[in-house]
Amino acid sequence: MNYLTKLTCTRPRVSSADSDRDLLTETESNRGRIIQSAAIRRLQQKTQVYPLETNAAVRSRLTHSLEVQQTGRYLAQTILQRLSDTHQLKPMGLSGQETAFINLVEMACLMHDIGNPPFGHFGEAAISRWMQDKAHLCHEKAFKNQPARSSLLETTLLPDLFTYEGNAQALRIIHHLQDLNLTYSQMGALMKYTRTPYEPRPDKGSPDAYRKKKPGYYFSEAHLVSDIWNHLDINEGCRFPLVYIMEAADDISYCIADLEDAVDKGILSFRDLRFRLYEVWEEFTDHNNYLPNIMESAIQRAGNNKQEFIVRLRTRLVRDLVNYAAKRYLQQHQAVFDGTLDEPLIDGQSDQHLALDTLKTVAIRYVFTSMEKETPELRGYSALMGLMDIFQPLLELPRAAFASITEKDSSRHFIEQRLYHRLSGKHKLAYHQALQSLLSSDYSREEQDDLEWYYRARLLIDYVSGMTDHFVLTEYQSLSAI
């Protein structure tokens, strides 16, 4: 295992900076590009659990991402310290590269949710459903005078549009929409899953079932992913090793945070929280006191102070879970390095995983079904679906007609032109760059027509998914005259 084959300075485009910069400098450059990107700023107005939340103490996607970043840093430091204690840093090419290693983990953690649409997973479902219901009909209307269609549309492009996945959108944002030109290592550290939406999900029990349980990238980024795998010496369908650290940091962070926010909002009382944790733990285990012992210790120190209880609970769990994840990373080091480990670091056979599962289950049963969460989600669903209906005419235009409204004023398509004007400049640039790349491709004329329409559909998805929760409502109200 030589990490210098994985940690690289190489970017998709040659940087204008000094070509002799070292790995540490390049990871610091990644950090600057990421932190200053609009995609990170938008996270402050995207929901973590509670849409349209006005209480600033309740977590947004940004505050959650900052917590994941800190946990990821702690876990990366723990792994490196254990490698140092066993004198393995130098043989693995990590001696002197510790800060660069940590930088890559931290920035992957900070970015891990940038592909999430407004209203979180509910927003993902809304965009997916709209495409499943409307995309085929829009395409038929746009091409009603051109009956010959390519097989690429049915086998690849439409299935690709039917599933919105935040992990796949994150890769699209950092490369094609924000054009951050990050190093291949930084992009690799973000890719949790290794298949496209048009590839079938593997059967349970297959050797890649976990790594491919969700789409990790779209057709539009397929060439980029191939380049990432080639530059980082990753076999097709495998992961980059630092992804396992980012994933564990996310799991550790959100399971506790969701319950803390529920207590802050009064959805769960302090007493209910403790009772539900004990109740679910007993469902999952038999004569196991791991989590109850942690809770009893927290109660003894905190008394009836709910905030102190949660701080004590979080502190102990984070420490235990980080130590366990670091242990697993090193126990499975070869499989992690190769990207073939087909399970998370905090695996299902451990007390630590049972503790995480208990926290998640309490949140699912008693928090995620609350009116405080579901009512604004339904508002968001109506607004998202309504917005996409308003922009639907853009997907129904023939290719030549759409080209005309992008190039000059059109009196014939004045509604569609005004809708086009509302789209983001960065998103429109990504669309035109994708079309430009088709000119030098080997696709047939029919395939190029279908690909143009595919990138047009991506243009709409990019615009809507990039909105903040409040902007979705504002834009919908503005355009529907409500």
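The model is predicted: local features need pLDDT of at least 70, side-chain atom pairs count only at pLDDT 80 or more, and totals for chains, interfaces and linings use all residues. Residues are numbered from 1 along each chain as its sequence is written, and side-chain values use heavy atoms, with hydrogens and water left out.

**Ser65**
- Ser65 lies in helix H3, residues 61-85 (helices are DSSP runs of H or I, at least four residues, numbered from the N terminus).
- Ser65 counts as buried because its relative accessibility is 0% (buried means under 20% relative accessible area, with a 1.4 Å probe and protein chains only).
- Leaving aside residues up to four places away in sequence, Ser65 touches Leu43, Cys109, Leu110, His112 and Asp113 (contact means heavy atoms within 4.5 Å).

**Cysteines**
- The structure has zero disulfides (a disulfide is a pair of cysteine sulfur atoms within 2.5 Å).
- Cys138 is buried at a relative accessible area of 0%, and Cys238 is buried at 8%.

**Helices H6 and H21**
- Helix H6 (residues 151-162) packs with helix H21 (residues 445-465) at an angle of about 5°, their axes 10 Å apart (axes are lines fitted to C-alpha atoms over the stretch in contact, and angles run from 0 to 180 degrees between N-to-C directions).
- H6 is therefore roughly parallel to H21 (angles under 35 degrees count as roughly parallel).
- H6 contributes residues including Leu152, Leu153 and Asp160 to the contact, and H21 residues including Trp453, Tyr454 and Arg458.
- The contact residues divide into ten nonpolar, no polar and four charged (Ala, Val, Leu, Ile, Met, Phe, Trp, Tyr, Cys and Pro count as nonpolar, Asp, Glu, Lys and Arg as charged, and the others, Gly among them, as polar).

Technical notes:
Helix = DSSP H or I, 4+ residues; strand = E, 2+ residues; numbered from the N terminus. Buried < 20%, exposed > 50% of the residue type's maximum accessible area, 1.4 Å probe, protein only. Parallel < 35°, antiparallel > 145°, perpendicular 65-115°, else oblique.
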